[in-house]
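Trainee: I have a new model open and want to learn how to read it. Where do we begin?

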Amino acid sequence: MENSAKILIDMDGVVCDFVTAICAAHNRPDPYKNGFVGHDMEEAWGMTRDEFWEPSNNTEFWSNIEKFPWADSLLQHCENLVGLENIAFCTSPSKSPFCIIGKTEWLDRHFPKVSRIFTKQKQFCANHMTVLVDDTDSKIQKFIENSGLAVKFPPPCELDINTVLERITAIVTCITINAEGFREM
Ligand SMILES: [Mg+2]
């Protein structure tokens, strides 16, 4: 069946464990396990943004982040739904010039066949045929405001991967039905 839906998959917090990596780099405990609910971890640690990002200012940090155990099944599910040619990682590079190099190494090692888009402005990729899977509310919101579709990826402590996979399936199914209806008009 023809299916022109596209799926964009965030990296940090979805397929790779940035939080654990940055905690290890600072030798500090995970603030989210102590009730912190914010987005900016430097607030929890009482440090400046520059201090927070300093240990990630090298290729190795980004290249060596652990892959989450559900990452392979998430990618396989998306590939089964829309085909490899219609999925891409869509990830925001940090300020560090080493981030894109390290993330590219990571992707070449773990998902060499999957396309990748590096942008802080994910909403530029938004349209009514494209689903963004992302853990950051502000990125989801902007994507939807720009006519995109989205699935919020929950934090690891709340994750039921099967529920996320079902939501992706449901949205892709809606896109496909709408697209076929449009073609028949
Ligand atoms: Mg993320």
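Mentor: Begin with how elements are named. Helices and strands are DSSP runs, numbered from the N terminus. Keep in mind that this model is predicted.

Trainee: Then where is the place of Glu54?

Mentor: Glu54 lies in the loop between helix 3 (49–53) and helix 4 (59–63).

Trainee: Is Glu54 buried, exposed or partly exposed?

Mentor: Count neighbours. A residue is buried with 20 or more other C-beta atoms within 10 Å of its own, and exposed with 12 or fewer. Glu54 has 14 C-beta neighbours inside 10 Å, so Glu54 counts as partly exposed.

Trainee: What is the strand order in the open sheet?

Mentor: Two strands pair if DSSP finds at least two bridges between them. Here 5 strands form an open sheet in the order 3-2-1-4-5, with parallel pairing. Strand 3 (115–118) and strand 5 (149–152) are the edges, each pairing on one side only.

Trainee: How many bridges join strand 1 to strand 4?

Mentor: There are 4 bridges between strand 1 (residues 6–9) and strand 4 (residues 130–134). In this region, Ile9 stands opposite Val133 of strand 4.

Trainee: Which strands does helix 5 touch?

Mentor: Helix 5 (residues 71–82) packs on the sheet and touches strand 1 and strand 2 (87–91). The direction of helix 5 makes about 165° with that of strand 1.

Trainee: Which residues touch the most other members of the largest nonpolar core?

Mentor: That core has 35 residues, and Ile7, Ile9, Cys78, Val131, Leu132, Val133 and Ile168 touch the most other members. Helix 5 gives the most to this core, with 5 residues. Now look at Ile7: its contacts include Cys78, Val82 and Ile168.

Key
Residues numbered from 1 in each chain as written. Predicted model: local features only at pLDDT ≥ 70, side-chain atom pairs only at ≥ 80, totals over all residues. Helix = DSSP H or I, 4+ residues; strand = E, 2+ residues; numbered from the N terminus. Contact = placed C-beta atoms within 7 Å. Axes fitted to C-alpha atoms, helices over the stretch in contact; angles between N-to-C directions. Core = buried A, V, L, I, M, F, W, Y, C linked by C-beta atoms within 7 Å. Lists of a residue's contacts leave out its neighbours within four places in sequence.
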